[in-house]
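Me: Please go through this model with me. I want each label set against its rule.

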Amino acid sequence: MAATVVLNEYNGAGETKTANVTNVNMGNTDAPNLDPNAYPIEPGNNSYEKWNKLEVTALGGVSTVKNFKVYRSGALGGAATHLTSCKTSAYSAPTYAQPVATDSTVAVNAMPTSEPASANLGIGGSLTGELTAAGETDYLVHQIQTDPTDTAGSTSTLTVAWDEIA
Amino acid sequence: MSETYKFYNKTTGETADVELEKWVWQAMYKDGTYLNQFDIEAGRKVFHQFREIDREKVQEFALVSVKTGQRISFKVGPEMKLIHFYRRVRLYYESPETFTLYVFGYEIKQSGRNQKQLFVVWPDDMITIEDTEDFKVVL
């Protein structure tokens with residue numbers, strides 16, 4: 001890789017940062033890299049919000065990193081919904097708040113289930129923002145909300161895409 | 001083990017190691033000289049950024065497969081704006097996996113409209129031609 005890009009997660013009231021998480025498993029606890037079997041989302045409940053950021057820790061030979069797109073593939077169990085702060089217009093950067101398992105007031109847009117046509121995660125509050133040095137995107141906030149009749153145990157893939165100009 | 005080249009950042013004065021990519025660009029100039037993205041200069045492996053290309057002098061722009069030598073190229077006219085970037089796609093499932101699409105081409109104004117012709121090399125080395133940078137990525 002030319003640029004080194006990692007996914008970070010932030011938890012708790014103190015915005016504790018865990019750098020370079022290896023998964024975004026959703027569950028009923030506010031923790032990074034959680035075991036969904038140990039912390040399942042009971043049908044009818046919500047997951048805790050995830051507060052993530054993509055971070056460029058080294059540019060290598062790249063001059064610019066931009067155009068971040070976030071989407072999910074794979075169905076959720078039953079009528080469950082996956083909501084996010086990401087959107088392709090009328091965008092503003094979320095301000096950190098301790099993750100909650102009540103209905104999110106930040107993740108209120110349906111997570112795209114295919115690649116959006118344009119960036120939906122901004123940099124510095126702008127969807128046309130660019131990273132020309134080490135730095136982070138805005139917060140990617142997302143939450144799963146379930147229905148009492150939903151089936152437990154669905155798996156899906158979160159995809160993040162971006163452009164690097166070398 | 002990956003092969004790395006040195007990039008000297010004139011702005012910061014720092015040097016970075018850059019891994020050799022599967023596909024690399026080459027700019028051929030009108031005077032017969034050329035600039036390689038990954039080059040050997042005075043016995044040293046050197047990485048060049050896209051913005052180092054002298055746009056006034058470039059005559060042909062190419063993307064070359066390091067593995068097979070396959071080459072995609074086009075003649076560069078004075079009215080063409082060159083485009084090159086990597087699209088990285090990372091899937092978070094059991095463990096993160098990252099794929100790279102190599103995009104290169106040009107933008108030109110025709111009949112008062114800006115039009116793009118982009119060659120996209122997919123992770124399996126399939127090549128498609130797109131007219132927008134917002135083409136759909138399906139892996």
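**Charges, fold and salt bridges**

Reply: In chain A, the mean positions of the 7 positive and 16 negative charges lie 7 Å apart. Lys and Arg count as positive, Asp and Glu as negative, while His and the chain ends are not counted. A charge is placed at NZ of Lys, CZ of Arg, CG of Asp or CD of Glu. This is a predicted model: local features need pLDDT of at least 70, side-chain atom pairs count only at pLDDT 80 or more, and totals for chains, interfaces and linings use all residues. Residues are numbered from 1 along each chain as its sequence is written, chains are lettered from A and ligands numbered from 1 in the order in which they are written, and side-chain values use heavy atoms, with hydrogens and water left out.

Me: How do you know how many helices and strands chain A has?
Reply: DSSP runs decide: helices are H or I of at least four residues, strands are E of at least two, numbered from the N terminus. Chain A has 0 helices and 10 strands.

Me: What makes A:Lys66 and A:Glu130 a salt bridge?
Reply: The rule asks for a side-chain nitrogen of Lys or Arg within 4 Å of a carboxyl oxygen of Asp or Glu. Here N to O is 4.0 Å, so the pair meets in a salt bridge. A:Lys66 sits in strand β4 (residues 64-73) and A:Glu130 in strand β7 (residues 130-131), 64 residues apart.

Me: Why is A:Lys66 called partly exposed?
Reply: Buried means under 20% relative accessible area, exposed over 50%, partly exposed in between (1.4 Å probe, protein chains only). A:Lys66 has 26%, so partly exposed is the label. A:Glu130, at 43%, is also partly exposed.

Me: Which side chains meet at 3.0 Å, N to O?
Reply: B:Glu21 and B:Arg88 do, in a salt bridge. B:Glu21 lies in the loop between β2 (15-19) and β3 (23-29), B:Arg88 in strand β9 (residues 81-92). Both residues are buried.

Me: What ties B:Lys45 to B:Glu3?
Reply: A salt bridge of 3.1 Å, N to O. B:Lys45 is in strand β6 (residues 44-47) and B:Glu3 in the segment before β1 (4-8), so the pair ties together parts 42 residues apart in sequence.
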